[in-house]
Amino acid sequence: MTTPVFFIRDLPIHGPLILAPLSGYNDQPFRRLCLEFGAALVYTGLLSASAILYGSQRSDELLRFHPDEHPLACQLFGSDVDILAKAARAVEALGIDVLDFNMGCAEPKIVKGGHGAALLKDPALIGRIVTRLVATVRVPVTGKIRLGWDAGSRNYLEVARILEDSGAAMLAVHGRTADQQYTGRADWDAIAAVKQAVRIPVLASGDVKCAADISRIQARTGCDGVMIGRAAIGNPWIFQYRDLPDVPWAERVPVILEHLRRMVDFHGEYLGLRRFRKHLRRYLTSTDVSRQQRRAFLQCEDLATFTALLESVAGV
């Protein structure tokens with residue numbers, strides 16, 4: 001796609017489908033694969049600003065980028081303005097294209113510290129943080145929010161306007177409150193209201209489970225792009241508007257092998273194989289692979305054995 005679908009400030013985005021910031025999944029091999037299958041922008045998983053400054057091993061791993069990983073958004077969480085600004089400068093130096101600030105994560109361990117979606121309780125602090133981040137880095141600053149903390153405090157329009165006024169270049173909206181976690185139905189009409197309330201691009205998130213949902217959420221919200229999260233696990237074809245049951249087993253096999261090889265190259269054989277298992281469970285969805293064969297795959301501990309097993313199952 002040569003004509004940009006939208007711009008994040010001055011950064012052209014050449015497609016409407018975006019890989020959401022999936023913590024625990026969005027390592028370098030997975031991000032690269034999704035870009036190759038058509039994702040127009042990929043996010044890192046959620047990164048602690050404090051952990052980046054303290055040089056944690058996990059953060060260092062998540063910040064190892066490949067030259068082909070563009071455009072790339074790095075998502076930070078935190079609530080201390082100074083720490084966030086220092087972490088933003090550090091990750092900008094690594095060559096990211098977009099700095100994203102998370103105000104939507106509802107995981108208990110995140111909100112307990114006053115981070116993520118807990119910030120929706122304090123819109124003024126959100127404004128101070130984003131204003132500082134915009135002044136600190138040269139790359140565009142964006143934000144990801146939910147509709148509010150709970151049903152009684154759905155302040156998404158207020159927060160969206162504060163983000164725009166603070167200099168945010170784009171906004172992603174998950175159509176649930178923090179209190180809902182991932183239960184109930186995402187409120188796409190609320191996302192549409194955000195799109196009407198601001199002039200910056202808006203990404204829609206929530207309940208995009210299959211290719212048909214992409215068109216539905218775009219039509220319902222008028223959004224500039226669609227964030228795809230869990231639906232992309234084990235199915236990079238979703239970025240080609242294809243559902244996993246429609247992808248023949250013979251077509252999946254080379255992708256599975258390539259993804260695994262990249263995981264092993266990046267993480268080493270021991271960790272690569274183990275971390276690949278959560279992807280593999282999804283790759284094996286709607287196949288004739290037996291329960292015994294699945295168990296053998298998930299217990300496999302070396303690349304050569306896994307490759308031989310996959311090829312035997314595939315009839316190669």
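The largest pocket holds about 990 Å³ of space. Here a pocket is an open set of points on a 1 Å grid over the protein atoms alone, with protein on both sides within 12 Å along at least five of seven lines; its volume is the space filled by probe spheres set on the points, which are joined across faces, edges and corners. The model is predicted, so local features need pLDDT of at least 70 and side-chain atom pairs pLDDT 80 or more, while totals for chains, interfaces and linings use all residues. Residues are numbered from 1 along each chain as its sequence is written, and side-chain values use heavy atoms, without hydrogens or water.

**Around the pocket**
- The lining of the largest pocket counts 39 residues, and Pro21, Leu22, Tyr182, Gly229 and Arg230 lie nearest the centre (lining residues have an atom within 4 Å of a point).
- Strand 5 (72-77) and helix 5 (108-111) are the elements that give two or more residues to this lining (helices are DSSP runs of H or I with at least four residues, strands of E with at least two, numbered from the N terminus).

**Meet Asp224**
- You will find Asp224 in the loop between helix 9 and strand 10 (225-228).
- Its side chain makes a polar contact with the side chain of Lys195 at 2.7 Å (a pair of N or O atoms within 3.5 Å, one able to donate a hydrogen and the other to accept it; residues adjacent in sequence count only if both atoms are side-chain atoms).
- A polar atom of the Asp224 side chain also lies 2.8 Å from the backbone nitrogen of Val202.

- Lys209 sits in the loop between strand 9 (202-205) and helix 9 (211-221).

Methods. On a 1 Å grid over the protein atoms alone, a cavity is a set of points where a 1.4 Å probe fits but cannot get out, and a pocket is an open set with protein on both sides within 12 Å along at least five of seven lines; lining residues have an atom within 4 Å of a point.
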